[in-house]
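Subject: Structure handover

Hello,

Here is the structure for you to open alongside this note. My findings follow below it.

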Amino acid sequence: MGDTYVMGFDLGTTSVKVCLINKITGQIEDIQWQETNSQISTKSTSQNVKTIFKAIEECCGRLCVDKLDGVNAIAVCGQMHGCVFWKQTDVWNDLNSSIEDVEVSSLYTWMDDRCHPDFLSDLPSPHSHLKLSTGFGCCTIFWFLKNRPEFLAKFNRCATIQDLFVAYLCRLSVPVVCDQNAASWGYFDTISNTWNVERLKECDFPVNLLPIVVKPNTEVGITKTNWLNLPTSCKVYVALGDFQCSVFAVMESEYDAVLNISTSAQLTFLKPKGFLPSIPVPKNQMIDYFPFFDNRYLAVAASLNGGNVLASFVKMLHQWTTFLGAEISEANIWKKLSESKTEVESSMVVDPTIFGERYKPEKRASISNIGFSSLQLNEVYYCICKGLISNLQSFISAATLQENGIQRILGSGNAFLKNAILQQEIRRQYNVPVVCCAGKDAAIGAALSIVKNRN
């Protein structure tokens with residue numbers, strides 16, 4: 001079958017996806033996904049790395065084996081900000097070894113909340129256009145340095161989960177990351193493409209753990225074994241950010257904004273060529289600027305509150321009904337809510353920020369103007385959905401999109417695509433055409449970025 005396919009992986013917060021893209025036609029030949037169920041406990045934001053790798057194996061096991069013979073290139077993306085530690089030993093170089101043989105920590109995800117505001121305020125100021133936040137890799141490393149130094153002493157490598165995956169595929173001696181993932185850790189200057197090494201050294205930060213940084217679409221190695229039924233010597237490219245890949249899969253024009261609502265929520269548009277973000281970050285800036293491809297930046301409203309808010313609401317309803325003696329599954333609750341009216345007159349206002357926001361971690365949800373008539377379940381649900389879009393408006397307003405020439409919004413993410421209320425509210429509040437883009441996710445974007453870069 002020869003040099004036919006690019007294989008794309010997405011190691012997400014709740015699931016992994018893998019796809020095969022035909023290099024000649026750009027068509028999706030196969031796609032599979034698998035929930036990871038990797039959360040270590042119901043109260044933990046950490047995930048089991050070996051469980052994630054097992055989910056990847058299950059995913060790949062469902063792909064057409066005949067087509068795998070034609071894979072020549074591998075593109076990977078995954079959840080940003082988080083970090084995982086491992087110990088590089090001779091086991092790593094043994095091509096017959098598995099991830100089970102490697103001493104690897106939990107994945108400390110972007111949802112990790114151990115770095116409270118007081119802790120962050122005591123850290124050195126980064127030379128970066130991105131502010132620090134709990135859940136950022138360098139902040140998590142600082143926390144371990146100050147609270148559990150013996151933990152750090154056990155490991156000699158560190159990266160995002162997707163960078164670990166690439167390193168394992170190629171058996172790299174040192175992990176390699178792209179600027180997209182490096183920027184998501186904090187203490188990284190995207191303009192010079194370097195870590196703030198000197199600033200970190202002054203605080204005894206273990207800079208030896210920081211991965212090597214390269215530009216997106218850089219080939220970093222080849223597959224060394226036929227793990228996952230892949231042929232050996234496939235070209236493997238540096239892992240990318242799942243957010244950037246989701247945008248790449250969907251965006252068709254510079255006049256498009258892209259909305260993604262899955263676990264969290266992001267609204268973004270592309271800044272003009274030559275744009276460089278300000279360092280230091282202007283006070284009270286709510287829009288972030290993420291490195292994209294071709295040395296360009298995305299203006300991003302990155303909210304921590306998206307589908308996770310709706311999932312928490314459903315979980316609460318399930319707990320309430322169970323307490324009251326009713327046997328109603330979460331699946332049935334979702335089904336009922338999906339049948340809710342999309343036109344509801346209500347004066348109730350819900351600010352559904354139960355997970356806070358990076359610019360204001362202490363921010364919490366609130367409900368105001370509740371009347372007797374506001375107690376119907378469908379109205380409460382409607383107002384929560386409306387509030388999620390209103391929260392995005394507080395980052396990037398309709399006027400801001402208009403000022404930047406945006407003519408339509410392309411919507412993606414399971415939470416958005418399955419929710420008619422969210423779709424209606426984005427149209428109403430932003431007053432531009434909205435196009436739902438199903439079947440275009442980060443795994444596909446990762447693979448397409450390689451296909452288009454090679455053509």
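Helices here are DSSP runs of H or I with at least four residues, strands are runs of E with at least two, and both are numbered from the N terminus.

Some ground rules. This is a predicted model, in which local features need pLDDT of at least 70, side-chain atom pairs count only at pLDDT 80 or more, and totals for chains, interfaces and linings use all residues. Residues are numbered from 1 along each chain as its sequence is written, and side-chain values use heavy atoms, with hydrogens and water left out.

α7 is mostly covered, with ten of its ten residues buried. Buried means under 20% relative accessible area, exposed means over 50%, and partly exposed lies in between (1.4 Å probe, protein chains only). Among the buried residues of α7 are Gln162 and Asp163.

Helix α1 (residues 49–61) packs against α7 (residues 161–170): their axes come within 12 Å and cross at roughly 65°. The axes are lines fitted to C-alpha atoms over the stretch in contact, and angles run from 0 to 180 degrees between N-to-C directions. The crossing of α1 and α7 is right-handed.

Which residues in α1 and α7 meet? From α1 come Val49, Ile52, Phe53 and Ile56; from α7 come Ile161, Leu164, Phe165 and Tyr168. Contact means heavy atoms within 4.5 Å. The residues of this contact are eight nonpolar, no polar and no charged. Nonpolar covers Ala, Val, Leu, Ile, Met, Phe, Trp, Tyr, Cys and Pro; charged covers Asp, Glu, Lys and Arg; the others, Gly among them, are polar.

**Cores**

The largest nonpolar core has 112 residues. Met7, Phe9, Ile74, Phe85 and Phe165 have the most contacts inside it. A core is a set of buried Ala, Val, Leu, Ile, Met, Phe, Trp, Tyr and Cys residues joined through side-chain atoms within 4.5 Å. Leaving out residues up to four places away in sequence, Ile74 touches residues including Met7, Phe9, Leu169 and Tyr237. A second, separate core has 43 residues, among them Phe269, Tyr381, Phe395 and Ile409.

**Whole chain**

The chain has 17 helices and 23 strands. Its radius of gyration is 22 Å, close to the 23 Å that the globule rule gives for 455 residues, so the chain is as compact as a globular protein of that length. The radius is taken over C-alpha atoms, and the rule is 2.2 Å times the number of residues to the power 0.38. Along its principal axes the C-alpha trace spans about 65 × 55 × 55 Å. Buried residues make up 57% of the 455. Of the contacts with a separation of 6 or more, 72% join residues 24 or more positions apart.

**Backbone points and one lysine**

- Asn193, in the loop between β10 (188–189) and β11 (194–195), has a positive phi of about 60°.
- Asn229, in the loop between β13 (219–222) and β14 (235–237), has a phi near 65°. Asn229 is partly exposed, at 46% relative accessible area.
- The peptide bond from Ile279 to Pro280 is cis, with omega near 0°. Pro280 is in the loop between β17 (265–270) and β18 (288–291).
- Lys315 is in helix α11 (residues 307–323) and is partly exposed at 43% relative accessibility.

Best wishes

Conventions
Left-handed = near helix turned anticlockwise from the far one by under 90°.
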